[in-house]
Amino acid sequence: MKVALDIDDTITRHPAFFAFLSKALLDAGHEVVILTFREDRASTAADLAGWGIVYTHLITSTLDAHFKHGVNAWKGAMCKQHRIDLFFEDSMEVLRHVDGGTVCFSPVGRY
Ligand SMILES: [Mg+2]
């Protein structure tokens, strides 16, 4: 399986769970893709290391990518391009653009 994880308001809501999940997935031979609107790869990688998140790919964003796909559609395009099986993402505006080839999970109860 290829599993994509958003960072802000997803991993950050429960880093210990996602640290456990990411390690379990990698140990079992699956791929973990970090898919984030963040643009600074170095600080993003440092944050992930600090939370104990392990992964096979880190996909950060760029202004050009947003112009090409539209901000809310960019992650859906990445899911399709990278053939993501499962995607953990908090934003309903983003999830609206993910097609049926990817099963989505979203944290709730933030209010
Ligand atoms: Mg988010």
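This is a predicted model: local features need pLDDT of at least 70, side-chain atom pairs count only at pLDDT 80 or more; totals for chains, interfaces and linings use all residues.

Mentor: Let's start with the strand pair β1 and β2, which run parallel and share four bridges. Within that pair, Ala4 sits opposite Val33 of β2. To get from β1 to β2 the chain passes through α1, and this β-α-β crossover is right-handed.

Now look at the other neighbour of Val33: its bridge partner in β3 is His57. β3 covers residues 57-59 and is parallel to β2, with three bridges joining them. The chain goes from β2 to β3 by way of helix α2, residues 41-51, and that β-α-β crossover is right-handed too. As for α2 itself, there's hardly any cover: of its eleven residues, the count of buried ones is one.

The largest nonpolar core holds 19 residues, and Ala4, Leu5, Ile34 and Cys79 have the most contacts inside it. Two or more residues of this core come from each of β1 (2-5), α1 (15-27), β2 (31-35) and α4 (71-81).

Zoom in on Leu5 to finish. Leaving out residues up to four places away in sequence, Leu5 touches Thr10, Ile11, Phe18, Val32, Ile34, Leu35 and Phe88. Ile34 is on that list, and like Leu5 it is named among the residues with the most contacts inside the core.

Terms used: Residues are numbered from 1 along each chain as its sequence is written. A nonpolar core is a set of buried Ala, Val, Leu, Ile, Met, Phe, Trp, Tyr and Cys residues joined through C-beta atoms within 7 Å. A residue is buried if 20 or more other C-beta atoms lie within 10 Å of its own, exposed if 12 or fewer, and partly exposed in between; C-beta atoms are placed from the backbone. Two residues are in contact if their C-beta atoms, placed from the backbone, lie within 7 Å. Two strands pair if DSSP finds at least two bridges between them. A crossover is right-handed if, with the strands pointing away from the viewer, the path from the first strand over the helix to the second runs clockwise.
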